[in-house]
Amino acid sequence: MKKRLSALTCAACLCAALALPAAAAGAPAASVPAYTDVAADAWYAEAVEAVSLGGYMTGTSEAAFSPNAAVTRATVVTVLWRLEGAPAFSVEAPFPDAAAGAWYETAAAWAKGKGIAAGNDKGRFNPDSAVTRQELAVLLHRYAQYKGGDVAEGTLSLYSDAASISAWAREGMAHAVGLGLIQGSDGRIDPGGAATRAQLAVILQRLMTPAMG
């Protein structure tokens with residue numbers, strides 16, 4: 001039976017996964033790239049620095065992080081895979097559209113094998129598809145379940161658009177809200193809005209920062 005946990009307890013469970021050295025995360029430690037599209041005073045600048053140093057996210061080019069670009073399914077599963085140390089992994093029946101040799105190939109196989117990502121009704125992964133905020137919440141929730149920890153239960157009714165959260169995403173959104181990973185704006189949670197790369201970087205930073213209390 002799922003238990004109600006505080007953000008502090010649940011964050012502590014996940015922080016063990018995020019405390020990996022960069023080399024174990026599939027990318028070597030390095031100085032923060034001088035991204036020309038990340039202003040020093042941007043609300044996500046500190047998070048971009050943290051995930052870059054950890055090797056969890058890289059830029060879309062040497063000079064650009066593309067903070068406002070939508071996050072793709074391939075990017076999300078690759079980030080989660082790196083949190084696990086980028087293990088070698090294969091499945092008997094990989095996603096048919098996860099091309100051999102693609103940069104996300106092993107991550108997609110890992111996510112499928114661990115029950116974190118499922119294909120559509122045709123079994124396709126759709127690696128380049130943009131991820132909505134509620135879809136990202138579901139992936140984070142499944143990752144928490146894979147880690148074997150209990151999940152948080154946030155109060156969705158605080159948001160004026162809570163009714164627009166899809167039924168299949170409500171548990172995931174409650175988890176993300178309860179942990180403070182996904183937050184609303186102007187009283188709205190915007191479940192169908194596209195999750196951006198900046199938002200993903202901030203979510204990862206929140207996971208890496210234990211709650212105080």
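Is tryptophan 110 buried or exposed, and what is its relative accessible area? Tryptophan 110 is buried, at 1% relative accessible area, where buried means under 20%, exposed over 50% and partly exposed in between (1.4 Å probe, protein chains only). The model is a predicted one, so to speak of local features takes a pLDDT of at least 70 and side-chain atom pairs count only at pLDDT 80 or more, while totals for chains, interfaces and linings use all residues. Residues are numbered from 1 along each chain as its sequence is written, and side-chain values use heavy atoms, with hydrogens and water left out.

Now for the rings. A pair of aromatic rings is described by the distance of the centres and the angle of the planes. Rings of Phe, Tyr and Trp (its six-membered ring) are taken to pair if their centres lie within 6.5 Å, with planes under 30 degrees apart called stacked, over 60 edge-to-face and the rest tilted. Searching the whole structure on that basis turns up seven aromatic pairs. In one of them, phenylalanine 95 and phenylalanine 125, the centres are 4.9 Å apart and the planes at 25°, so the pair is stacked. Phenylalanine 95 sits in the loop between α3 (73-83) and α4 (105-113), and phenylalanine 125 in the loop between α4 and α5 (133-146), so this pair links distant parts of the chain, 30 residues apart. Helices here are DSSP runs (H or I, at least four residues), numbered from the N terminus. Both phenylalanine 95 and phenylalanine 125 are buried.

Tryptophan 110 pairs with tyrosine 146: the ring centres are 5.7 Å apart and the planes at 90°, so this one is edge-to-face. With tryptophan 110 in helix α4 and tyrosine 146 in helix α5, the pair ties together parts 36 residues apart in sequence. Tyrosine 146 is partly exposed, at 28% relative accessibility.

Ring pairs also join Phe95, Trp103, Tyr104 and Phe125 into a cluster. Phenylalanine 95 has a charge over its ring too, with the charged end of lysine 112 sitting 5.0 Å from the ring centre; the test is NZ of Lys or CZ of Arg within 6 Å of the centre and within 35 degrees of the ring normal. Arginine 197 likewise lies over the face of phenylalanine 65, 4.4 Å from the ring centre.

Terms used: Helix = DSSP H or I, 4+ residues; strand = E, 2+ residues; numbered from the N terminus.
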